[in-house]
Amino acid sequence: MNHPFSDLPFVKLNRRSTLLGALGLLALPAMHASAATSAKTKKAAVPDVWPHASQVPGGVARLSLGPAATRPKAFAGDVPVLVLGDPIEWTALVGIPLAAEPGEARITVRAEGKPERQVAYAVSPKQYREQRLTVAPRTVDLSPEDEARYVKERDHLTVVMATLTDLRADAALQMRVPVPGRRSSSFGLRRVFNGQSRNPHSGMDIAAGTGTPVLAPLPGKVIDTGDYFFNGGTVWLDHGGGLLTMYCHLSRVDVKVGDVLKTGEALAAVGATGRVTGPHLHWGVMLNRAMVDPALFVAG
């Protein structure tokens, strides 16, 4: 869970009464009510955008790229960044790694017929809480055999996480939560296993009973399944544009690589496999190869 590849795991009317005295005063409450109703209507007309912006380590930056006839290309270093919008306004969605240092960061933007440019944004500091857990000793102090297994799995998952396919033209990025339940461990927690510090928690843990169906939060394609040392039974989905999701500690996997799922289709069942303290779903969201907070993609 805290290993680099474990648990990879959002025109008021100003009516002035022409009457004087009491009539004018009696009109005031109606004016205020009208203004309040107008304000509520105006607020309700502003749609939510997904994912919500949160320019902190483990968050997402929403950067305006302005107009362009065709979709610009954007890069964080040499990693492509997801770009949404239309010729009137394009927006880059940048996943910020948990290890990012606070301060200024930049992406490179290349638009057809325009010179390459840099777009800067600020990463603000965020202090995540600490969580101490007790797990099987062999999942903290690895034997040579387990270490070799982990290295092999890490190399394989590096390829999986580099998956980049085209984003659907009708892509909507608000996700449904894959299973109902209490969030038993939030994203970004600094994890201490058996007294030893490990990498921060890179997903959202949702407490649910073994066998609870796990549902796809968005349309996606299955790009990997497996039984991994730290993550146990695992499924990866590709949603396009470098947006991937991961589901770990599964008791059962009901899909195979190449399957295409719709939102709400079952892909697996909750379990307690891998490095765990009990049955739950570890849900991870990856954007431009950075694990980011799944809460930014869901309502509530």
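1. The strands involved, E2 (residues 73–76) and E5 (residues 103–110), run antiparallel and share 3 bridges; two strands pair if DSSP finds at least two bridges between them.

2. A word on the basis: this is a predicted model, where local features need pLDDT of at least 70, side-chain atom pairs need 80 or more, and totals for chains, interfaces and linings use all residues. Residues are numbered from 1 along each chain as its sequence is written, and side-chain values use heavy atoms, leaving out hydrogens and water.

3. E5 also pairs with E6 (residues 117–123), antiparallel over 7 bridges. Glycine 103 has valine 123 in E6 as its bridge partner. The two strands make a hairpin with 6 residues between them, and glycine 113 in the turn shows a positive phi of about 80 degrees.

4. Overall, the chain has 2 helices and 19 strands (DSSP runs, H or I of at least four residues and E of at least two, numbered from the N terminus). Of its 300 residues, 46% are buried, meaning under 20% relative accessible area with a 1.4 Å probe, protein chains only.

5. Now the rings: there are 2 aromatic pairs (ring centres within 6.5 Å; planes over 60 degrees apart count as edge-to-face). Tyrosine 150 and phenylalanine 230 sit edge-to-face, 5.7 Å centre to centre with 75 degrees between the planes. Tyrosine 150 lies in helix H2 and phenylalanine 230 in the loop between E13 and E14, 80 residues apart.

Conventions: Buried < 20%, exposed > 50% of the residue type's maximum accessible area, 1.4 Å probe, protein only. Phe/Tyr/Trp six-rings, centres within 6.5 Å; stacked < 30°, edge-to-face > 60°.
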